[in-house]
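Here is a short report on strand pairing in one protein model. Look at the sequence and the fold, then read on.

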Amino acid sequence: MNNTGHIDDVFNIPALGFDVNGQKKIGRYLLSIDINLDLDITNEDGKIVKTIQDVETRREVSDIKKMIKQIYTNQLNHLEYDFSVGNYFNKSDFEKKFIENPIMRRFANSIVWGVYLEDLLVDCFHYRKEGFYVNSDNEKYDLLDNTKIGIVHPIEITKEEIEKWNRQLKFYNITQPFTQIYLRTVYIPTQKEKDSSFITTYKDKELSISMLLSRLQVLGWKSGQADDNGFYSFLEKDFNDIKAYLHFEGKVIKGKEKESGKVMLKELSFNKKIGEILPRYVSEAWQEVGGIIQYLKYLEGMN
């Protein structure tokens, strides 16, 4: 697992004119963005303003709120992918992206981060809004230079650590942007599965290929290689150097999934023996497919 997180956008994520302290001047008003991305507006006298009388300024503030929400949503999708495949950030890029940018600081505060040596988790931390890092015991944590940082997966830590983080986040009323530590489903393969390259949990599940693909595409899955007649029989996702495949029975034409109806799932397989793969990859591939299956079955029950 040596991929770097979405570093290419580290220097391109807009802060919308807010400085490192989360403040921005608009005319005679001062906008302040907090750790929860809420805006406070004060006038020249330092008094909080609930309603801005000037139409142009009010429209500008409204546009800023919309852009903050859009940036947050876009970056959340990136981070969920980084979490899934175990991408890393170096300390310099991490702090430039998540600490210096007041919009991204929300993620630094609400995600449990890890320090990694190669692919081994060494320590966990998160960022407090007061401006420092803490560990699961709520003690200050020093983030060393040349540190490799990733988003912690619950399969990497003990139940005790999970409970500690859950208590701390609850105490400070911090809501995680996605289900990361507490309540995230993890999959522990059996010894038989570890000695093989496939899992049959979802075998014989019947689903709409169009809906299955559209949902899994958001998580980085794509349709497999088509044969000479344009048909394909699996979906795939790259977990850095590991490939996961979701096989199915049924004739599906690439680009015409809506016309292909339902397919019967077969197995979830990998390009290596499961026992040789990082547990995060196996668990996430299994969890992503299972989550979509559960969601689609729920929709069917609603109709």
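## Terms and model

Two strands count as paired if DSSP finds at least two bridges between them. The model is predicted.

Start with strand E13, residues 231-239, and strand E14, residues 242-253. The two run antiparallel and are joined by 8 bridges. Within this pairing, Lys 237 stands opposite Ala 244 of E14.

E13 and E14 form a hairpin with 2 residues between the strands. Asn 240 in this hairpin has a positive phi, near 55°.

## The E12 partner

E13 also pairs with strand E12, residues 222-223. This pairing is antiparallel too, over 2 bridges. Which residue of E13 is the bridge partner of Ser 223? That residue is Leu 235.

## The E1-E2-E3 sheet

Another part of the model holds an open sheet of 3 strands. Their order is E1-E2-E3, and the pairing is antiparallel. Strand E1 (23-26) and strand E3 (39-42) stand at the edges. Each has a single partner strand, so one side of each is left without a neighbour in the sheet. Neighbouring strands here are turned by 25° against each other on average, direction ignored.

Strand E2 covers residues 29-33. E2 and E3 run antiparallel and are joined by 4 bridges. Across this pairing, Leu 30 stands opposite Thr 42 in E3.

Note on methods:
Residues are numbered from 1 along each chain as its sequence is written. This is a predicted model: local features need pLDDT of at least 70, side-chain atom pairs count only at pLDDT 80 or more; totals for chains, interfaces and linings use all residues. Side-chain values use heavy atoms; hydrogens and water are left out. Axes are lines fitted to C-alpha atoms, for helices over the stretch in contact, and angles run from 0 to 180 degrees between N-to-C directions.
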